[in-house]
Amino acid sequence: MLAARTIMDQGIHVEGINFFTGFCVEGHTHAIRHKDRAKPKRNNALWVAEQLGIKLHIIDVVEEYKDVVINPKHGYGANLNPCLDCKGFMVRHAYHWVEENAFDFIITGEVIGQRPMSQRRDTLPVVARDSGAGDRLLRPLCANTQKLQDLWRTRGDKRYELDDIMLLKIGRHLRPRPHFKLVVGREEGENNFLEGYRHRFTHLRPLSHKGPLVLVDGTAGADDLRLAAQLAARFSQGRDAPTVEVAVTEKDGQTYQLTVPPLSHAEIPQEWYL
């Protein structure tokens with residue numbers, strides 16, 4: 001619920017998906033058990049969607065989910081709970097739904113350390129990889145911590161301004177090299193927001209194809225900016241083109257163009273994403 005609200009507060013349209021596995025039937029058991037009959041009955045997913053004011057899609061996966069319960073690739077947690085396989089199953093189906101319905105990304109409410117099997121620093125990337133969702137799986141509640149820690153680590157002390165927090169909440173954040181990171185707009189609204197900060201940073205923008213505004217935070221040399229241009233090309237509509245023309249504008253106002261091949265998905269290590 002908090003993750004959805006965090007994204008909605010950025011002006012992004014959100015819809016919910018609830019996978020019915022046959023196991024989450026709290027309202028049903030309350031209706032059967034005499035001692036629980038007085039308790040309020042509700043479908044928690046529907047209740048959350050109502051509170052947020054968003055559309056909810058309920059998808060029956062009872063039959064498909066049986067294989068996850070019986071043959072979990074990553075084993076069981078407590079009480080025969082196939083935690084990691086379950087999460088991968090849900091995200092994979094959500095990713096297929098996103099593709100079929102022309103949505104941009106998936107968000108979850110996961111927080112590092114909250115679950116001993118599926119929400120560890122080493123297992124969160126496993127779900128993103130095995131589900132096929134990759135960098136289209138966003139965990140905004142993790143990112144509000146990981147990005148802030150990265151900010152403090154690179155500055156060497158725990159100070160920040162309001163603008164720092166605003167920028168942490170927008171776009172993809174990648175640190176391909178220790179001395180600089182990139183803030184990449186993910187859609188038109190984020191690009192428009194980042195426009196307000198572009199004069200403070202060296203920034204890049206694809207010219208030959210529609211694509212994101214990219215801010216460079218840190219000190220970047222010529223090789224660094226070429227890499228940044230390749231990343232800007234990767235996240236543009238020219239990601240499958242042989243080359244993409246990218247405009248680079250330095251903080252002093254100097255502007256020039258680079259023609260670069262976009263990086264492939266395999267060439268972007270998961271560790272670069274903050």
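Student: Which residues have the most contacts inside the largest nonpolar core?

Tutor: A nonpolar core is a set of buried nonpolar residues joined through side-chain atoms. In this predicted model, the largest such core has 24 residues, and Leu174, Leu182, Leu204, Leu231 and Ile268 have the most contacts inside it.

Student: Which helices and strands each supply at least two residues of this core?

Tutor: The strands are E6 (180-184), E8 (214-218), E9 (244-249) and E10 (255-260), and the helix is H10 (222-234). Helix H10 gives the most, with seven residues.

Student: What is leucine 174 in contact with, leaving aside its neighbours within four places in sequence?

Tutor: Contact means heavy atoms within 4.5 Å. On that basis leucine 174 touches Lys181, Leu182, Val184, Leu231, Phe235, Ile268, Trp272 and Tyr273. There is also a second, separate core of 18 residues, which includes Phe89, Val91, Val98 and Val127.

Student: Is threonine 108 buried or exposed?

Tutor: Buried means under 20% relative accessible area. Threonine 108 has 13%, so it is buried. Threonine 108 lies in the loop between strand E3 (106-107) and helix H6 (124-131). Leaving aside neighbours within four places in sequence, threonine 108 is in contact with Ala3, Leu137, Leu138, Arg139 and Pro140.

Student: Which residues make the nonpolar surface patch of about 260 Å²?

Tutor: Patches are made of residues with over 30% relative accessible area. Here the patch is made by Phe20, Leu46 and Ile58. Isoleucine 58, in strand E2 (residues 56-60), has a relative accessible area of 46%, so it is partly exposed.

Conventions. Residues are numbered from 1 along each chain as its sequence is written. This is a predicted model: local features need pLDDT of at least 70, side-chain atom pairs count only at pLDDT 80 or more; totals for chains, interfaces and linings use all residues. Side-chain values use heavy atoms; hydrogens and water are left out. Patches are made of residues with over 30% relative accessible area and no salt bridge: like charges are joined within 9 Å, nonpolar side chains (Val, Leu, Ile, Met, Phe, Trp, Tyr) within 5 Å. Accessible areas come from the Shrake-Rupley method with a 1.4 Å probe; for residues, only the protein chains shown count as cover. A salt bridge is a side-chain nitrogen of Lys or Arg within 4 Å of a carboxyl oxygen of Asp or Glu. Helices (H or I, at least four residues) and strands (E, at least two) are DSSP runs, numbered from the N terminus. Buried means under 20% relative accessible area, exposed over 50%, partly exposed in between (1.4 Å probe, protein chains only). A nonpolar core is a set of buried Ala, Val, Leu, Ile, Met, Phe, Trp, Tyr and Cys residues joined through side-chain atoms within 4.5 Å.
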